[in-house]
Amino acid sequence: MTRRRITPAIAAAATTLLVLTACKEGGGAAAPGGGAMLRIGDTGSTISTLNPFVASNTFELAIFRYVYPHLVQYGTGANIEGDFATSYTRSADGKVWTFNTRPGAKWSDGHELTAEDATWTFQQILAHKDGPTARLASYLNHVTSVDTVDKNQMRVTFDAPVATALSQISQVPILPRQVWETPLSGDASQLKNFTNDAPLVSGGSFILTQQKKDAFALFKANPNFYGHKPKLSGFGIQFFGSADAMVTALRQGQVDVAFDVPATAAGTLKSEASLNVLATAGLDEDFLIFNSSQGQRKHPELLNPQVRKAFHEAIDRKKLVDVVTLGMGAPATSVIPPSLGAWVDPAVGVDGPDVSAANAILDGLGYTKGPDGVRVANGHAMSYELLQPTGLTGHDRVVDLVRANLAAIGVKVTPKVVDGDAFGQALVTPSEKAPSYDLAMDDWISKRDPDFMLSLFTCGQIGNRNEAAYCSHDYEALYDAQATAQDAQARHAAVAAAQQFLDREKPWIPLFVNPNIIAVNKKVKGFAGSPFVIDTTSRHQIDDVQLG
């Protein structure tokens, strides 16, 4: 989550361009490698927390990738490579992974960085997996124990061979015990309130030196980094209140890279001699989300998959793509985005738009239209509040189109816009409580393996990433089957089965896939296009960049 979300506070902070000025002035400062500062702009996200146990959006997760060590990471392609671990082996039965870590490593505060830090982090996550560490614990499914062999070697033991073991472990940051031991002590009840203020103790390639919530973040190269030193002396991220402001800053040379460039600006930026525009099929999908909690009593009809199917049939995805992305995106058919290629089951989500079929479904359920054209279900109007967060690019147009589509089948939708924090609190409630919303609209960015998107519907993620509060033990079995499948063909079949189940149940309706458009000043060398906005699975996107 990896979501992109921005709050109104960014607008005031971004217009000052303070962070960009700081980066420009800091460009000549002494730093390892003597490289320059890279200045990044974005409009579709924010950084509202530095706590990895509560973070969910893209740039927050990217911070942890650059600041904290990980045992392994993705390389420039789709293969896993060592990071803090120089090598790793798997036992003959597939249950035990042994990682050999880099000797002589240090945290940025001078403390020794060893395999014991990784063991301690993993153990703490597992110790509180049913409570405050559940978000990261989802990456350690089937792990039964973690132990240190010596200061440069650790073992992770699973209860079964897990096909996604390395991919999952690559998502777990190794935390400095000297910082996190207190908030993780006892029952860790204060963990989610721990602010982890900058500057952060770092073991990764960069140190976060300064950050203002929802406004900017500044990084400098870590002189103690154990790996290949980055070519930059540092980088800064500025969050803008509008795409126009970011594009203007790019044209004026106040930022070097602009993420989340809107489709409306892509064409004109391509004509700029100083810029490269990188447009790739994205991993970011927009969804219509139903409150699927069995505890919600206000609109029980929304728990019926047939009602959700009627909504799905009514929505014109191609029009969403044409209007919102100017044809640069793609209709979404599955919770797995098209960019993941063969993982997407071509059989799911292909129906619609078919307003006649949608009306027939609701007619068959006995939900007749009242004099105002709105249907009545269970004695009340099919009139729902649609919760949406501020700042998601193009969402006003998305909501208008979806409202019109649903009005054609006798369903009334009233949008309610709230800031990102309030949105998260409304959807992600403690597991013992039912969310209070009716419908919601949000976007999610997939990771490289389909397991992440499939995990969003597991019972254990209610109160964390499961925004629909959906829970099915039948689905749990399918999710577990894809994680433990032992050959590629069996896993593809299991992933397809999980997608087909979600397509029948429809706790979320996939709407469309956003294109990933990045504009880069030509003086930036080594910056490659990617389906990610900012890559949360690998450091290569920034570590390999230099300014010419």
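Aspartate 363 is partly exposed, at 48% relative accessibility. In this predicted model, its side chain meets that of arginine 375 in a salt bridge, with N and O 2.7 Å apart. The pair ties together parts twelve residues apart in sequence, since aspartate 363 belongs to helix H12 (residues 355–364) and arginine 375 to the loop between H12 and strand E14 (376–377). Arginine 375, at 1% relative accessibility, is buried.

**Salt bridges in the model**
- The count of salt bridges comes to 14.
- Side chains of opposite charge can pair when their charged atoms come close.

**A link between distant parts of the chain**
- A salt bridge joins arginine 539 to aspartate 83, and the closest N and O atoms of the two are 2.7 Å apart.
- The partners are 456 residues apart: arginine 539 is in the loop between strand E20 (524–525) and helix H18 (540–543), while aspartate 83 is in the loop between strand E3 (80–82) and strand E4 (85–90).
- Arginine 539 counts as buried because its relative accessibility is 2%, under the 20% cut-off.
- Aspartate 83 is likewise buried, with a relative accessible area of 4%.

**A partly exposed pair**
- Arginine 177 and glutamate 181 form a salt bridge through their side chains, at 3.2 Å from N to O.
- Arginine 177 has a relative accessibility of 38% and so counts as partly exposed.
- Glutamate 181 is also partly exposed, its relative accessible area being 38%.

**A network**
- Salt bridges link Arg39, Asp256 and Lys523 in a network.

Note on methods:
Residues are numbered from 1 along each chain as its sequence is written. This is a predicted model: local features need pLDDT of at least 70, side-chain atom pairs count only at pLDDT 80 or more; totals for chains, interfaces and linings use all residues. Side-chain values use heavy atoms; hydrogens and water are left out. A salt bridge is a side-chain nitrogen of Lys or Arg within 4 Å of a carboxyl oxygen of Asp or Glu. Helices (H or I, at least four residues) and strands (E, at least two) are DSSP runs, numbered from the N terminus. Buried means under 20% relative accessible area, exposed over 50%, partly exposed in between (1.4 Å probe, protein chains only).
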